[in-house]
Amino acid sequence: MKTLATLLLALSGATIAVAEPMSADLLPSPPPEVRQDGLVSVLNGGVGEDEVRWFKAQSAQYPLQVVISGRGGEYGVADVLSVKRGDAELLSVPDAGPWVLIDLPPGRYTVEARFDGQVEKRSVQVPERGVQRLDWNTAKASE
């Protein structure tokens, strides 16, 4: 990071002494983009502390929150996460997680996650008001 700061300063023509290396925590990262899948809005990501803080700040705006983790509590990612209402698939998110925030209307849904070809399912009820958080803890996310 110190090399990057020195290079940028050299290119700008400025001179400054850098006493300590710059921390990657101080560098802003662009937030994940909201994806529209029909009438459903989705935010997918949450890798790194900055993104996790950002997802937590956004979470109240999304009635369904899915957080994928392994048995040891570490965050995980599903190969694909899908949301169904009855037999109709409403949404499919590749490389889902560890945080997936979904703007769905109130109702009962089935959420499916595929990990290395194996599918796990959870039923959720999205409330009229507030949020439903689904903490998806599975050994498959740890593998």
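Author: Start with Y109, which faces V124 of strand 8 across the pairing. Strands here are DSSP runs of E with at least two residues, while helices are runs of H or I with at least four; both are numbered from the N terminus. Two strands count as paired if DSSP finds at least two bridges between them. The model is predicted, so local features need pLDDT of at least 70 and side-chain atom pairs pLDDT 80 or more, whereas totals for chains, interfaces and linings use all residues. Numbering starts from 1 along each chain as its sequence is written, and side-chain values use heavy atoms, with hydrogens and water left out.

Strand 7 covers residues 107-115 and strand 8 covers residues 118-126; they run antiparallel, joined by nine bridges. Together they make a hairpin with two residues between the strands. One turn residue, D116, has a positive phi of about 50°.

Now the other hairpin. Strand 4 (residues 78-85) and strand 5 (residues 88-96) also run antiparallel, with seven bridges joining them. K84 sits opposite E89 of strand 5. Two residues lie between these strands, and G86 adopts a positive phi near 70°.

What joins strand 4 to strand 7? Five bridges do, and the two strands run antiparallel. V83 has V111 of strand 7 as its bridge partner.
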